[in-house]
Protein chains: 2
Amino acid sequence: MRRWNGWGDESVRATLAPEALAFLREAVGTPQPVPDAELATVCARIPDSRLPPHPLVDTAPEARLRSSLGQSLGDWIALRFGALPRVSDGVAHPTHRAEVRTLLDWAQAVGALVIPCGGATSVVGHLTPEAAEPRPVLTLNLSRMRTMTRLDAEAQLATFEAGVLGPDLEAQLRAKGFTLGHFPQSFEQASLGGWVVTRSSGQQSLRYGRAEHWFAGGTMLAPQAECTIPPLPASSAGPDLREWVLGSEGRLGVLTDVTVRVTKLPEVERFVGVFFPGWEAGVAATRELAQSKLGGLSMLRLANAVETRTTLKLAGHAGAIAWLERVLGWRGCGDGKVLLFVGLTGSASQVRATEREARAVWRTHGGVGTGTVLGQKWAAKRFAGVYLRNALWDAGFMVDTMETAVPWGRTTAMVNAIETAGREALTAMGERCHAYTHLSHVYPTGSSVYSTFVLRVGATAEESRARWQALKAAVTQAIVAQGGTVSHQHGVGRDHAPYLGAEKGAAGLAAIDALIQHADPNGLLASGNLRPVR
Amino acid sequence: MRRWNGWGDESVRATLAPEALAFLREAVGTPQPVPDAELATVCARIPDSRLPPHPLVDTAPEARLRSSLGQSLGDWIALRFGALPRVSDGVAHPTHRAEVRTLLDWAQAVGALVIPCGGATSVVGHLTPEAAEPRPVLTLNLSRMRTMTRLDAEAQLATFEAGVLGPDLEAQLRAKGFTLGHFPQSFEQASLGGWVVTRSSGQQSLRYGRAEHWFAGGTMLAPQAECTIPPLPASSAGPDLREWVLGSEGRLGVLTDVTVRVTKLPEVERFVGVFFPGWEAGVAATRELAQSKLGGLSMLRLANAVETRTTLKLAGHAGAIAWLERVLGWRGCGDGKVLLFVGLTGSASQVRATEREARAVWRTHGGVGTGTVLGQKWAAKRFAGVYLRNALWDAGFMVDTMETAVPWGRTTAMVNAIETAGREALTAMGERCHAYTHLSHVYPTGSSVYSTFVLRVGATAEESRARWQALKAAVTQAIVAQGGTVSHQHGVGRDHAPYLGAEKGAAGLAAIDALIQHADPNGLLASGNLRPVR
């Protein structure tokens with residue numbers, strides 16, 4: 001069973017080593033854990049549904065609760081303290097496309113607002129009804145639509161119902177020798193349709209691409225129309241309608257079917273850990289590799305010095321790590337050292353050739369390869385790390401992450417601006433945060449910047465929320481001031497919507513509004529995601 | 001000086017060998033060349049401009065003529081016979097962005113329609129005013145806006161004014177060690193802005209990408225707004241506004257500045273010719289290579305048997321070719337043989353590794369590599385081949401090309417459908433055409449299909465036009481019936497606009513119309529390109 005107030009399956013429990021807790025206590029102060037609200041108590045507080053009955057709609061409080069919040073720190077605070085925002089009035093779990101249409105038509109007829117939902121892993125507030133929304137709210141949870149309906153092995157195109165979650169999708173593909181290769185940290189719980197409509201990016205996007213690259217076509221049910229986009233390899237026939245589905249965040253319609261570009265399972269995959277003496281050398285090597293067009297690279301992930309130190313501290317194995325650090329010190333990688341994980345994926349010969357070329361690049365920047373031990377450990381824990389947040393919360397620490405992307409020349413300034421803004425926001429409240437950053441998705445022209453903040457849970461929901469909001473606002477303002485995108489991989493939702501104008505400009509916002517107004521003139525899907533409701 | 005009624009610079013004259021002409025006479029019949037209309041005569045027939053005077057607007061007939069037609073066969077017929085469609089009423093050549101705004105505002109004030117123009121190489125009727133358009137028509141020719149205004153060498157981003165033509169753009173980049181690598185056949189005469197707004201694709205798109213891939217951002221002047229898109233490496237912040245500029249074909253605004261993703265000049269580049277015993281083997285090898293993710297591949301271009309034979313026939317060097325064909329015959333590549341050009345581009349070691357891997361693939365499909373002689377010859381003539389059309393017309397032959405893209409499984413059926421439709425359309429008129437095809441742009445999921453038709457010029461403009469229209473209609477209908485895109489690389493213009501619904505669906509068309517209506521409510525840019533004028 002999935003946790004109702006944390007990450008992942010209840011049967012998976014992460015634990016923190018005592019030295020890790022000591023490290024964090026030193027960084028942000030001794031926390032005071034707060035007991036969680038009980039599920040039953042929280043459900044009992046949920047008001048009656050305002051929807052009329054419908055055989056496909058579940059109005060039980062727990063079902064509504066589970067589809068009305070995501071995984072943002074704000075959501076966690078609400079759930080752990082039981083200080084809920086408004087939840088939806090009912091949840092439908094359609095099992096095929098015709099039911100989605102039935103439900104859209106019914107919602108329109110009874111004057112309800114519809115919020116689509118996939119894996120409910122949003123970290124930017126996509127799922128929660130606005131408090132001021134006068135209509136009853138129906139959540140369309142697509143997670144029962146999860147079948148691979150077609151596989152064209154020759155063209156490497158697979159069609160799925162949009163609600164399929166990551167592991168289920170990969171299992172269906174792997175049985176046929178293929179992979180989508182889309183592995184965001186939320187992989188275990190997130191849905192294909194959600195990835196598309198929020199323009200998701202997976203850890204190995206260097207090989208497999210972002211949602212924009214593998215989303216080949218599909219079907220979207222709009223309030224008053226249905227749009228099917230054929231999976232053409234490329235087209236110059238005017239606007240690309242896929243791009244109107246990507247990033248639409250539930251405002252233009254409900255994506256029900258998704259055709260994706262898949263790849264044969266690779267012969268070989270390994271992750272190599274490379275240390276550099278300092279940040280600038282690491283960035284220079286990463287940039288050169290990102291611009292090299294080497295076919296066998298699947299990931300370049302560069303941690304800054306604090307993240308590198310934090311990773312080594314939280315890894316356990318203190319003896320082995322101390323020995324590693326001594327050896328690295330002899331080779332010039334001391335206190336300010338940074339760690340790059342290089343993902344190598346493809347045919348055996350391609351991976352061999354790529355590794356040879358990549359090694360030549362990292363060595364010119366003082367990089368010291370340490371083989372695959374650290375990398376394989378990272379890979380083994382790539383989806384487990386997020387479970388640590390459960391253990392951290394239980395210990396009284398809360399975690400938020402923020403991310404953006406900029407051209408290469410502005411990367412370092414962005415990292416500094418983000419970390420400084422976060423720290424100063426907490427300092428102003430008499431608190432501290434532990435901030436660290438990695439570059440997780442790289443491109444020839446620039447990089448994403450992904451920062452993690454660990455801070456203490458407050459004594460109350462209000463205190464915790466005030467810390468989160470101060471952090472979020474300060475960092476987002478810093479991102480915008482530095483010319484970064486409002487989001488590289490999480491989307492806009494309601495949390496980022498006020499900042500969208502900085503990136504799109506007034507003319508861009510007006511055009512987006514015009515498209516929404518065209519597709520959804522009656523506001524059936526007017527959740528406030530992406531753009532405020534007019 | 002550029003030819004007013006054919007391709008390219010007047011100083012470049014292509015000639016056809018006698019055996020090439022004999023080959024074509026055999027294929028389609030003996031032609032009867034028709035003398036060209038004179039420029040002076042044609043200009044004398046152009047009616048007076050209906051625009052009021054403006055210091056930036058040239059109303060001389062020749063200037064208006066030169067910016068009102070493109071390079072489609074229909075345009076050639078009009079120009080060669082002097083049977084002109086309506087031409088624009090004036091041409092402005094703005095030299096900077098502020099002049100574009102001035103001209104847009106002036107056109108709006110005097111009630112004129114504006115048609116933007118770059119290199120005037122459209123083959124789908126982008127430049128010609130509709131006969132029924134009641135307003136005077138102003139052409140905005142951007143070809144004097146051609147400066148590289150910024151180069152960020154670290155992020156490999158270059159910003160140009162949108163009117164820059166291919167050779168000028170490459171010269172400015174090459175001086176700094178970079179290339180855009182966008183080489184469509186129209187390279188010599190086409191403009192950067194035109195490539196973007198029609199979603200152009202260059203011959204080495206496998207390495208350098210389509211316009212969608214290298215267009216990083218820019219500025220568009222809409223009738224009532226201005227939109228600047230920052231060159232972010234990636235973003236999940238809602239709709240990607242670049243995608244609204246791409247394929248907009250002058251209906252949403254005038255693109256004035258373009259930031260492109262550039263690449264360091266490669267160390268090594270070569271083109272290898274590989275023969276296969278037959279079409280199916282060639283397609284299978286090409287598909288496997290396209291799906292291999294080999295970093296050093298820049299081009300895969302597979303000619304079918306007729307195109308292969310035609311290429312060898314028109315190449316001259318009959319003795320050497322006969323010897324080559326004998327050797328190929330011994331190795332299983334006889335009458336039905338097909339020729340694949342493999343472009344290899346990158347660092348020396350990467351190209352070496354890629355060639356080794358690629359050779360292993362083509363050999364498993366019976367491919368016979370013939371080294372770089374044929375490939376280098378192709379590369380040397382890659383922009384010269386189109387000059388042959390001048391010589392062909394002079395000899396009484398006219399040429400049209402049509403193109404689409406489909407997933408791999410439908411490639412062969414598409415080739416057959418296109419060639420058959422073209423041949424039957426001409427047969428129905430008592431004529432013949434010589435049809436041949438290559439796959440020019442390949443993707444993991446499918447391929448473009450590019451067919452060439454050689455037919456006889458008619459005795460009159462009407463007869464020639466009837467042949468062209470019958471061919472064009474039959475082939476386009478075949479493309480649509482087979483589920484191909486209306487255009488893989490030429491755009492929609494007015495010629496393909498009636499077929500756009502087959503690809504976009506009613507809901508898609510309605511959304512495009514809504515966006516046009518929003519950006520251009522008064523129809524200042526309502527040329528009829530992309531979508532009919534309402």
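Arg146(A) is partly exposed, with a relative accessible area of 43% (buried denotes under 20%, exposed over 50% and partly exposed the range in between, with a 1.4 Å probe and protein chains only). The model is predicted, so that local features require pLDDT of at least 70 and side-chain atom pairs pLDDT 80 or more, whereas totals for chains, interfaces and linings use all residues. Residues are numbered from 1 along each chain as its sequence is written, chains are lettered from A in the order in which they are written, and side-chain values use heavy atoms, without hydrogens and water.

Arg146(A) lies in the loop connecting β4 (137-141) and β5 (148-152) of chain A; strands (E, at least two residues) and helices (H or I, at least four) are DSSP runs numbered from the N terminus. Beyond residues up to four places away in sequence, Arg146(A) touches Glu161(A), Val164(A), Asp168(A) and Gln172(A), contact being heavy atoms within 4.5 Å. Its C-alpha atom is separated by 9.1 Å from that of Leu192(A), 46 residues apart along the chain.

Leu192(A) and Leu192(B) have the most contacts inside the largest nonpolar core, which has 127 residues; such a core is a set of buried Ala, Val, Leu, Ile, Met, Phe, Trp, Tyr and Cys residues joined through side-chain atoms within 4.5 Å. Helix α19 (residues 500-519) of chain A supplies the largest share of this core, eight residues. Apart from it lies another core of 55 residues, including Trp7(A) and Trp362(A).

Trp362(A) is among the buried residues of α14(A). These buried residues pack against elements including β14 (338-346) of chain A and α14 (348-364) of chain B. Just after α14(A), Gly366(A) adopts a positive phi of about 80 degrees.
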